[in-house]
Amino acid sequence: MRARGIAVALVGILILGSSWVSAQSTKGDPKNGQVIYEQHCLRCHGLSLEGNGPDSNFLIVAPANLQSLRSRTKTDWELLLAISHGVAFSPMHGWRERLTQDQILDVLAYIRMMAPSDVVS
């Protein structure tokens, strides 16, 4: 029974992945992403994306510092999964039920503008 649940979850990720692949070919709008970020993400991740927003002190698990090398070396795919589905055992919940794919891509574009990918390190 557990194996069947895992298989269903993997199929769901693959289906979601195929829609993200097509959506990723169109880059997001960082200006719109900033508006969405400030509305939904700033309270935890902070103005400078360092995980020090006004609500961060009240969380048992600290929000990700999106400026850190660890976050900047994540692929766009990894960040999209975290934004869409949340992060297990953390206060980061998924946004795919509240934001459209385009809005999530806009937020990713804003994050990458503020904290560029660092694949060299």
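Q: What covers the buried residues of α2?
A: This is a predicted model. In it, the cover over the buried residues of α2 includes α3 (42-45) and α6 (101-114).

Q: Which residues of α2 are buried?
A: G33, I36 and Y37. The helix itself spans residues 30-40.

Q: Where do they sit around the axis?
A: On the same side of α2, because they cover an arc of only 105° around the axis.

Q: And which exposed residues are on the face turned away from that side?
A: K31, V35 and Q39.

Q: What caps the N-terminal end of α2?
A: D29 does. One of its side-chain oxygens lies 3.1 Å from the backbone nitrogen of K31.

Q: Switching to the core. Which residues touch the most other members of the largest nonpolar core?
A: Y37, L49, I83 and I111. That core has 17 residues.

Q: Which helices each supply at least two residues?
A: α2, α5 (76-85) and α6. The most come from α6, which gives six residues.

Q: What does L49 touch?
A: Leaving out residues up to four places away in sequence, L49 touches Y37, A64, N65, L66, Q67, Y110, I111 and M114. Two of these, Y37 and I111, are also on the list of core residues that touch the most other members.

Q: Now charges. How many salt bridges are there?
A: Four. One of them joins the side chains of R43 and D55, at 2.9 Å from N to O.

Q: Where are R43 and D55 in the chain?
A: R43 is in helix α3, and D55 is in the loop between α3 and α4 (69-72). They are 12 residues apart.

Q: Which salt bridge partner does R112 have?
A: D76, at 2.8 Å from N to O.

Q: What about E97?
A: E97 meets R96 in a salt bridge at 3.7 Å, N to O. E97 is exposed, with 70% relative accessible area, while R96 is partly exposed at 43%.

Q: Last one. Where is D118, and what does D118 contact?
A: D118 is in the segment after α6. D118 is buried, at 15% relative accessible area. Beyond neighbours within four places in sequence, D118 contacts L69, R72 and T73.

Terms used:
Residues numbered from 1 in each chain as written. Predicted model: local features only at pLDDT ≥ 70, side-chain atom pairs only at ≥ 80, totals over all residues. Heavy atoms only, no water. Buried < 20%, exposed > 50% of the residue type's maximum accessible area, 1.4 Å probe, protein only. Helix = DSSP H or I, 4+ residues; strand = E, 2+ residues; numbered from the N terminus. Arc of directions from axis to C-beta. Contact = heavy atoms within 4.5 Å. Polar contact = N/O pair within 3.5 Å; in protein donor to acceptor, adjacent residues only side chain to side chain. Core = buried A, V, L, I, M, F, W, Y, C linked by side-chain atoms within 4.5 Å.
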